[in-house]
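Visitor: I have a structure here and would like to know what the words used for it rest on. Please take me through some of them.

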Amino acid sequence: MPSRKVLRRAARQIDAEIDFLAELAEHLRREPGAIAPAERRALAEAWAGHFRAILEFFHPSPSAPSDLVLATHYLSPRVRWSKLLPPLTRREKRRRRALQALFGPIGYRRRVRTVSWAAADYETIARRLRLFLRHLSAARRRWFPKANRRFSDQVDWLEELAMRIPSAGASPSRAGETSGLPRAQRGETIA
């Protein structure tokens, strides 16, 4: 188990990774035509790197380095993190393997791929972050100020409440939306 000093220093790194991940996701949620294709590919690749790092924080791979900082290091021993943490689905495991291959060494068996971004990947991380923040002690929760601001249950509740109450001059079609994704990408029909 790393020392408190090491964990606190690592928390700043993890918090920054989480913030980068969320900020890149905000850019990638825009309509595909809003960002030049080359920029979108660069954003998606940067996002995938942060996604992979945070996924390893929650679900370390067997080949992970021994000095890897894990979510369990921040939680009380009473918290049964392994029972609380949802296991990776088949899709999430495939995604993880694809990212490990993409960011791994270049070999002759490696396929050339472009990185894609999906809201489902972002939700994979968001669910785990909310669970993690909910089970941290109050003192350690303060070590993750950016993550708290973006992913705490209170923020989610306030955002949902704000979306239900249309502001003056807001269009009624946007008042009920609770997702940052365009309606078409959420599978809703656009009238």
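Visitor: Why are α2 and α5 called oblique to each other?

Guide: First, this is a predicted model, in which local features need pLDDT of at least 70, side-chain atom pairs count only at pLDDT 80 or more, and totals for chains, interfaces and linings use all residues. Residues are numbered from 1 along each chain as its sequence is written, and side-chain values use heavy atoms, with hydrogens and water left out. The axes of α2 (residues 37-58) and α5 (residues 119-135) cross at roughly 40°. Angles under 35 degrees count as roughly parallel, over 145 as roughly antiparallel, 65 to 115 as roughly perpendicular and the rest as oblique. The pair is therefore oblique.

Visitor: Which residues of α2 and α5 make the contact?

Guide: Among them are Trp47, Phe51 and Phe58 of α2 and Tyr122, Arg128 and Phe132 of α5; contact means heavy atoms within 4.5 Å. The residues of this contact divide into ten nonpolar, one polar and two charged.

Visitor: How do you know that the span of α1 agrees with its 25 residues?

Guide: The expected span is 1.5 Å times one less than the number of residues. For α1 (residues 4-28) that should be 36 Å, and the end C-alpha atoms are 36 Å apart, which agrees.

Visitor: Which residues of α1 are buried?

Guide: Buried means under 20% relative accessible area (1.4 Å probe, protein chains only). The buried residues of α1 include Leu7, Ala11, Ile14 and Asp15. The buried residues of α1 pack against α2, α5, α6 (138-141) and α7 (145-151). Of the 191 residues of the chain, 35% count as buried.

Terms used:
Axes are lines fitted to C-alpha atoms, for helices over the stretch in contact, and angles run from 0 to 180 degrees between N-to-C directions. Helices (H or I, at least four residues) and strands (E, at least two) are DSSP runs, numbered from the N terminus. Ala, Val, Leu, Ile, Met, Phe, Trp, Tyr, Cys and Pro count as nonpolar, Asp, Glu, Lys and Arg as charged, and the others, Gly among them, as polar. Buried means under 20% relative accessible area, exposed over 50%, partly exposed in between (1.4 Å probe, protein chains only).
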